[in-house]
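Please keep the sequence and the coordinates at hand while reading.

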Amino acid sequence: FSFSQYEPQRILGAGGFGVVFLCKHPYLGNKRVVKSLRTCDLERKVEDVFNEATTLEKLKHPAIIGLIDCAFADSAKTHPFLVMDFFDGLNLDSYVESQGLLSTTDLLQIAIPVAEALQAAHASGILHRDVKPANILVRREAESWQVKLIDFGLAIQASSFEGKASTQGPHGQTIASKSIAGTMHYAAPEQMGDLPGVAVGAYSDVYGFGKSCYYALFRTPEPDDQDKETLPEPWRKFLSACTAQKLAYRLPDFAAVLSGLRQLAATKPVIL
């Protein structure tokens with residue numbers, strides 16, 4: 001991308017989709033986030049990602065990071081990038097690792113705006129495809145939370161999982177393989193090819209959402225049954241319905257998810 005427009009300050013992260021830079025405007029000093037994309041592992045064409053990014057910008061949902069620009073850095077159109085607003089916070093993965101597990105009360109304050117954002121995106125015909133803690137940015141402010149959902153449409157192809165995700169050890173595992181391995185834990189069965197003939201849909205994002213809630217509560221997307229037993233029964237049933245392997249048992253969309261979350265919010269809070 002053009003350094004004359006966006007001066008790189010530092011790398012915020014990297015993964016299977018590319019590299020994320022914190023930048024600033026050379027004259028105004030505004031902070032911006034630039035994602036320089038790798039195209040070889042993305043599920044979809046970059047043009048489709050750009051089109052959906054433009055739709056999301058028109059949506060202007062408070063829990064979705066706003067798009068400022070998207071373009072190619074070269075005339076051959078081999079180096080695409082996205083420019084977004086900067087949100088000063090941690091992703092949910094890093095927050096739990098550094099600050100500890102969330103209570104169900106705190107999780108509700110994060111889960112509801114995320115679910116509302118996904119419902120709004122789905123209503124505009126946009127699936128996220130990669131809902132996971134690394135794509136949920138959070139910042140705690142006194143007793144409330146600010147939440148932003150990022151990386152719509154930047155899911156990694158299932159064919160990219162093979163081999164890379166199994167790399168072991170601190171010296172053998174690349175940032176990209178860690179990103180791919182992380183995605184695997186939250187990808188719905190139909191995204192992994194385990195439900196032949198079933199297309200990715202709103203229910204796929206519901207699955208990643210439910211697994212992300214498990215992570216916030218237990219520091220793992222796949223808690224043991226004994227861990228799940230420590231949850232209040234309404235939470236246990238709700239998260240089970242979000243993460244069911246079979247579509248017949250899974251909540252179909254975020255209207256159903258929000259209905260469940262509001263019922264949970266209406267019950268007496270339980271601190272874990």
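Two strands are said to pair if DSSP finds at least two bridges between them, and the elements themselves are DSSP runs numbered from the N terminus, with helices being H or I runs of at least four residues and strands being E runs of at least two.

## Basis of the model

This is a predicted model, in which local features need pLDDT of at least 70 and side-chain atom pairs count only at pLDDT 80 or more, whereas totals for chains, interfaces and linings use all residues. Residues are numbered from 1 along each chain as its sequence is written, and side-chain values use heavy atoms, with hydrogens and water left out.

Strands β6, β7 and β8 make an open sheet in the order β6-β7-β8, and their pairing is antiparallel. The edge strands, β6 (90-91) and β8 (144-149), each pair on one side only. Two antiparallel bridges link β6 to β7 (residues 136-141), and in this pairing N91 is set opposite L137 of β7.

Between β7 and β8 there are six bridges, again in the antiparallel sense, with E141 standing opposite S144 in β8. The hairpin formed by β7 and β8 has two residues between the strands, and A142 takes a positive phi near 55° there. Helix α3 (residues 104-123) packs on this sheet and touches β7 and β8, and its direction makes about 35° with that of β8. Contact here means heavy atoms within 4.5 Å, while the axes are lines fitted to C-alpha atoms, for helices over the stretch in contact, with angles running from 0 to 180 degrees between N-to-C directions.

## Cavities and a pocket

Rolling a probe the size of a water molecule over the atoms shows where empty space is left. On a 1 Å grid over the protein atoms alone, a cavity is a set of points where a 1.4 Å probe fits but cannot get out, a pocket is an open set with protein on both sides within 12 Å along at least five of seven lines, and lining residues have an atom within 4 Å of a point. Grid points are joined across faces, edges and corners, and a volume is the space filled by probe spheres set on the points.

The structure holds two cavities of 30 Å³ or more, and the second largest cavity contains about 60 Å³ of space. Its lining consists of L92, L107, I110, A111, V114, I136, F209, S212 and C213; α3 and α5 (202-218) are the elements that give two or more residues to this lining, and α3 gives the most, with four. The second largest pocket holds about 270 Å³ and is lined by 22 residues, of which L56, I64, I65, L67 and M84 lie nearest its centre. The largest share of that lining, five residues, comes from α1.

## Salt bridges

With a salt bridge taken as a side-chain nitrogen of Lys or Arg within 4 Å of a carboxyl oxygen of Asp or Glu, the count comes to 11. In the one formed by E52 and R129, the closest N and O atoms are 3.7 Å apart. E52 lies in helix α1 (residues 46-59) and R129 in the loop between α3 and β7, so the pair ties together parts that are 77 residues apart in sequence.
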